Amino acid sequence: MDNFQIETAQNVSIQQNAASIGDRILAFLVDLLILVIYSIIAIVLIESISVTSGQQWVYQLVLGLPAFLYHLLWETFWDGQSPGKALLKIRVVRLDGSRAALSNYLVRWLLRVIDITLASGGVAVVTILFRGSGQRLGDIAATTTVIDEKQRVRLQQALFAKIPQDYVPTYSQVTVFDDAEMRKIKNIFTDARRNREHHIIVQLSDKVSGLMDVTPEEKPLHFLATVLKDYTYYTQDS
């Protein structure tokens, strides 16, 4: 699986996993199967109402339009995922890791004709392999990529320090974060400690405390360490 970096507001690089070629092909096949099933059901229903030869536009509208707009509509209204992508736990995002906008989805959708339709996916596969950041031509033009959101190991084992059984948490407000957000906080914190970049730790502490709406009494280093432990405490049994 390829990795690529995004830059945070603190100018710290975070590794993101680009979705593999295999996962993207499987997601495409799942979506294709859904479209085939839809088409079969639609044809049966249209035939049952005896559409005449002068009403062929009904076929084109009912069969063609959903297939034509399928990926654009799903990704736009389902936060970068189609049913196939959701099943494979992959998602379209901007290169900085943020949620893509309609303009991003529109550009990558328009270039599907070149990437996938005309070349049967060959252009997309070659571009992704050579690009190394999970991007086909449509992604390059739209400044997006497709990331893998699978968690391959348990959250506590991979990310956070062990806590004793009698540990008493300090900040219940840590539950405002989800796992993906806490991973980013962990990565920034770890990199800043390793590189002795105290100013980044201070900025991160201010950002985290602001989102949690708390005023920490500890120094930034200790506050962030406590936040990580508290998140582990509140999520370890979930």
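View 1. Together with Tyr70, Trp74 and Trp78 make up one aromatic cluster. This is a predicted model.

**View 2. The aromatic pair of Tyr233 and Tyr234.** These two rings form an edge-to-face pair, in which the centres are 5.2 Å apart and the angle between the planes is 90 degrees. Tyr233 is partly exposed at 32% relative accessible area, and Tyr234 is also partly exposed, at 35%.

**View 3. Strands S3 and S4.** Strand S3, which spans residues 90-94, has four of its five residues buried, so the strand is largely enclosed by the rest of the structure. Five bridges connect S3 with strand S4, residues 144-148, and the two strands run antiparallel; within this pairing, Val92 has Val146 of S4 as its bridge partner.

**View 4. Confidence along the chain.** The mean pLDDT of the chain is 82, with 84% of its residues at 70 or more. Over residues 6-15, however, the pLDDT is below 50, although the model gives this stretch 27 contacts beyond near neighbours in sequence. For residues 152-156 the pLDDT also stays under 50, and here the model has 10 contacts beyond four places in sequence.

Terms used: Residues numbered from 1 in each chain as written. Predicted model: local features only at pLDDT ≥ 70, side-chain atom pairs only at ≥ 80, totals over all residues. Heavy atoms only, no water. Buried < 20%, exposed > 50% of the residue type's maximum accessible area, 1.4 Å probe, protein only. Pairing = 2+ DSSP bridges. pLDDT = per-residue confidence, 0-100. Contact = heavy atoms within 4.5 Å. Phe/Tyr/Trp six-rings, centres within 6.5 Å; stacked < 30°, edge-to-face > 60°.
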